[in-house]
Amino acid sequence: MSDWKKIAPLEDIPRLGSRVVEVEDGSIAVFRTSDDQVFAVRDACPHKQGPLSQGIVAGHTVTCPLHNLKINLESGKALAPDEGCTSTYAAKVENGMVYIQL
Amino acid sequence: MQKILKQRKFMKERLVLVGNGMAGVRTLEELLKLAPEAYDITVFGAEPHPNYNRIMLSPVLAGEKTIDDIILNHREWYASHGITLHTGDPVVEIDRVNCKVISESGLEVSYDRLLLATGSNPFIIPVPGSDLPGVIGFRDIADVDAMLAAAKTGKKAVVIGGGLLGLEAANGLLLNGMDVTVVHLMDILMERQLDKTAAEMLRKSLEDKGLKFLMETQTAGVLGEDHVTGLRFADGSEIEAGLVVMAVGIRPNMELAQKAGLHCERGLVVNDTMQTYDPRIYAVGECVQHRGQCYGLVAPLFEQARVAANHLAKMGIARYEGSVTSTKLKVTGIDLFSAGEFNQEEGDETLVLQDPARNLYKKLVLKDNRIKGAVMFGDTMDGTWYFQLLREGTDISAFRNTILFGQHDLGDAGHGDETRVAALSDDAEICGCNGVTKGDVVNAIQTKGLFTLDDVRAHTKASASCGSCTGLVEAILSSTVGEGYEAKPSKKPVCGCTEHSHDDVITAIAEHKLKDMRVVFEHLEWKTPDGCAACRPALNYYLLARWPEEYQDDPQSRYINERAHGNIQKDGTYSVVPRMFGGLCTPSDLRAIADVCDKYGVPEMKVTGGQRIDLFGVKKEDLPPMWKDLTDAGFVSGHAYGKSMRTVKTCAGDTWCRFGTQNSTGLGVKLEQLTWGSWMPHKFKLAVSGCPRNCAEATIKDFGVVCVDSGYELHIGGNGGIKVRVTDLLCKVDTEQEVLEYCGAFTQMYREEAHYLERTAPWVERVGLAYIKERILEDEEGRKALCERFRIGQKYAQIDPWKERAQGAAAHEFTPLKITA
């Protein structure tokens, strides 16, 4: 059964930015969009494993810093015409605190 | 009543498209991209086929392609987008009062918006007998079928009209075994596209293929009783023919619009938003007249489609401002290209290259060193390049002496003569960065129905990295889809988030005193709430360059390298380059760097191309402590990671070198002290060589100084990258003080006026050396003001980002989060 894990206060993540959370088997990128929603995806682009956390965020997408693939933060899928998908994790903000489900 | 209104709110609006051709369906495609759910769409087409590529009818007639090859949208496409398609059922009436259309079969469909794309009809010369069976136009699949059938039975065909379409029809009939004569009213073929020389060469080549010509010949009547048997001419002579193809031009098909009372002149009149005089009705394609022009080529139609779609999607910001067109003849084995105004007028100059032995002819018509027209025969490989220079109004004086030899003569990265794409095999590599072959590109274009360079980039990644193969990809695109490929619009938007160009944005930021990105978005009506990874870094730069004292830099609009102040590597680690002014260093500097490498386990060190030391493989969280150690040893950031001033490369100079004329290292240190830390539209490199032997390679730098005995030569706009470009000599000055002033002024001019991600080399080519000389050399006051603005900006730019971060700034950027519960 997966659990909600407490990460950090929302203001620790810059708006239109991200922070990295280290977990046992790698890194998870937690994004904060301009509408103050949070999204969590595995910090690896489906193309060549670029660190998505380092990309530029616009709307609910992030652009990989290595080769410019655009990834939808809601689904983890690459935007057409590119293909591929990275894992997503449920994320939420409660009382100003960010949680992700592992 | 209220209830009905309420219900209507939940229903989608209805859009009816009349005309299932390239312009209309293209508009739907653009619309679906912008607003996929906006309308219930119904399409009426007179022909029984789904949308096909009309431009490729000539290759179908010539037997080089099949009908199936040229279908652009299959019926499944319409179905998958929920579009109702009625083929073989033309609309015969528009009831504007009740907002509905009525088709030939009696179908009535209501609309909220109507899009007319009825195309054009071939012009049939009004002579006796022109309605006889066997007299046809060359317009649609039915005409091609009729010609192919005639070729099986008859032997002799006459094509009236020696224009593009007529010659393609004639060539097709010839390949189908017919005896073909082309009848032309004028004394030169394709008179709207060619001058006399090129037209004569064309006629000769076509005669060699077996076509016959009757020039300056006027048709007086078509002979025959129940089928055509021949033609009679104005001089009384006659010719035998079992098939007559009329290809003397097209007329906008506006009968339906006229019947509905819409204002028509030569075509259906639309404004810059592609709207007719009825605000519910839009029109695109060959049926329209825009600013007095009717277009019969496909590239303008696509620009119109994009504008109409923008307004149908209720974005309401795009404008169509007319198109410059170019033409290519699709007759295999004959290369012909024409664009713009190719007949010389007063004040124009003409460059001509003519080689009768190789059957080669190129003519460029220039006005004020800018191309206004081009005609080429025999070798059209550089047509797309000339056309681009024409549309962008590029000053060609810098390469005027070699322009006729083509773009590869300017030194493309090793493509050279290989630019003849047609001759390339399918496994020839086109894009060296992404490993894309010609076959990959052709395959993607054909199977995915691509028309634009951007589409091909998105689908194949060809030319999406360094861009040096862009010309090749464009050439493949045009040879695969015909001239129908969508040339870049004359005004290129910054990105998909806006219609505005870089220049529009730069001007607006200055004139309207816009000092915040959100304000820019609002003022220029950005289409996306947050912009995108292409426009945000550009806007951030423009704001920073214009308002250095006030604008608050936005780290989230910077590429990761500039946000992390290191260069991201393929494994996600960073590289660190400490600045060494002028390339000078001391034993203790090197000891400090060595200690840092030991302490943080740097796996690899390397001397860079700009004479600095690069430390690879640094973990992101190690960056701030490493910077602290380097800062303590006296180093500042080397900015090897940014769109910024990089390094000043120097040679030994007169302190040591027996050939040195000046203190090149000393001057290099001063230049680097002046310019370090400055953010630029793109990376910016300097060099100082102590004598004309030029060991520091100053003549391939953005700003290079070559010392001579009597002073300093200043060189600008060089590049040693993708496309090597030797600098232009700006001027010679006498003192180091002047070198610094001219450098500051040139740098600031580039910072203020170049487009984001435009190196100095293309910028200098775009605006012209003469303009830069005017601003920097002739206007002393302007030069001093530029230099002063540069110094003001530097006050804010020369705060070392490493030191700030070593002291704890932006710590969140470098520290991972921990799971707390």
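Trainee: Which pattern does chain A follow when read along the sequence?

Mentor: Please note at the outset that this is a predicted model, in which local features need pLDDT of at least 70, side-chain atom pairs count only at pLDDT 80 or more, and totals for chains, interfaces and linings use all residues. Residues are numbered from 1 along each chain as its sequence is written, while chains are lettered from A and ligands numbered from 1 in the order in which they are written. Helices (H or I, at least four residues) and strands (E, at least two) are DSSP runs, numbered from the N terminus. Chain A reads β-β-β-β-β-β-β-β-β-β, with 0 helices and 10 strands.

Trainee: How many residues does each chain give to the contact between chains A and B?

Mentor: Two residues are in contact if their C-beta atoms, placed from the backbone, lie within 7 Å. Chain A contributes 24 residues and chain B 21 residues. On the chain A side, the elements giving two or more residues are β1 (4-9), β2 (17-23) and β5 (56-58). The most come from β2(A), with 5 residues.

Trainee: How are two packed helices described?

Mentor: They are described by the angle between their axes and the distance between the axes. Axes are lines fitted to C-alpha atoms, for helices over the stretch in contact, and angles run from 0 to 180 degrees between N-to-C directions. In chain B, helix α22 (residues 736-753) packs with helix α25 (residues 780-797) at an angle of about 75°, their axes lying 7 Å apart. The helices α22(B) and α25(B) are therefore roughly perpendicular to each other (a term for angles of 65 to 115 degrees).

Trainee: Which residues of α22(B) and α25(B) meet?

Mentor: Among them are B:Glu741, B:Gly744 and B:Ala745 in α22(B), and B:Arg783, B:Leu786 and B:Cys787 in α25(B).

Trainee: How do the strands of a sheet pair?

Mentor: They pair through backbone hydrogen bonds, either parallel or antiparallel. Here, two strands count as paired if DSSP finds at least two bridges between them. Chain B has an open sheet of 5 strands in the order β32-β33-β34-β35-β36, with mixed pairing. Its edge strands, β32 (645-650) and β36 (728-733), each pair on one side only. The twist averages 15° from one strand to the next.

Trainee: How many bridges join β35 to β36 in chain B?

Mentor: Strand β35 (residues 711-716) runs antiparallel to β36(B), and 5 bridges join them. B:Leu714 stands opposite B:Cys731 in β36(B).

How values were computed:
Angles under 35 degrees count as roughly parallel, over 145 as roughly antiparallel, 65 to 115 as roughly perpendicular and the rest as oblique.
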